Amino acid sequence: MNLENEDKVLIEAALFVAGEAGLTNSELSMLLDKDVKEVKIIMQDLAHYYRSNLNIAFEIRIYDNKYKMLTKPELNNKLLRLAKIKYKNPLTKNLMEILTVIAYNGPITKKEIEKIKPGFRKIKIDEEGNNNINNESTCDYALRRLRELELIEPIILSTVTGSPYAYKITGKFLDLFGLKSLKDLPGIKKDEKPDLSSVDVE
């Protein structure tokens, strides 16, 4: 690997500090005082070095055009056992359905989502069979929860009268499902309903 040790240490430190936010080629270019083309080559070499070295627990991966330092996938199960973490998936069936609609159709407005999922216009019922305290529809609740989980974000569509907000997925969504971009979503055939269940959640 033709990489100065000083650059390697600086990149490692920067990725560690950046955490989930990651760093772009432009940001690394400023950090290293090198042009973007050279940075891309450096990062390719460094990513290969981490991936091929069995004595290193981390790897560099790129999601949504941002480099991130992550533990290698083969260590995840052992790390979870060691920490005795009991993980409860916050994505219920309804949330997954709305998330799928947004992933494949976004940016998309609430009204458009309800056309695809008309049953989600109904008031959400809690576990005891009562209307929820905010009197939210299932769609409203799902959109709110997905925003809280930072898996979707609203954008303003000035061309749509009466529907100022549309929703699109975030970089955190790509991270969660191990996707580099929306192009990596499973393909669907005509008249087939999209389904994210075939994507491995990391």
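Contact here means heavy atoms within 4.5 Å, and helices (H or I, at least four residues) and strands (E, at least two) are DSSP runs, numbered from the N terminus.

## Basis of the model

The model is predicted, so that local features need pLDDT of at least 70 and side-chain atom pairs count only at pLDDT 80 or more, while totals for chains, interfaces and linings use all residues. Residues are numbered from 1 along each chain as its sequence is written, and side-chain values use heavy atoms, with hydrogens and water left out.

## The buried face of α7

Helix α7 spans residues 138-148, and within this helix Thr138, Cys139, Ala142, Leu143 and Leu146 are buried, where buried means under 20% relative accessible area, exposed over 50%, and partly exposed in between (1.4 Å probe, protein chains only). Viewed down the axis of α7, the buried residues fall within an arc of 130 degrees and so line one face of the helix; the arc is that of the directions from the helix axis to the C-beta atoms. The cover over these buried residues includes α5 (93-105), α6 (110-116), β4 (152-156) and β5 (165-169). After α7 comes Glu150, which has a positive phi, near 60 degrees.

## Packing of α5 against α7

From α5, Asn94, Leu95, Ile98, Leu99 and Ile102 meet Thr138, Ala142, Leu143, Arg145 and Leu146 of α7. The residues of this contact divide into seven nonpolar, two polar and one charged; Ala, Val, Leu, Ile, Met, Phe, Trp, Tyr, Cys and Pro count as nonpolar, Asp, Glu, Lys and Arg as charged, and the others, Gly among them, as polar. Arg145 touches Pro90 and Leu95, not counting residues up to four places away in sequence, and the C-alpha atoms of Arg145 and Leu95, 50 residues apart along the chain, are separated by 7.9 Å.

An open sheet of three strands has the order β3-β5-β4 with antiparallel pairing, where two strands pair if DSSP finds at least two bridges between them. Helix α7 lies across β4 and β5, running at about 105 degrees to β4.

Note on methods
Axes are lines fitted to C-alpha atoms, for helices over the stretch in contact, and angles run from 0 to 180 degrees between N-to-C directions.
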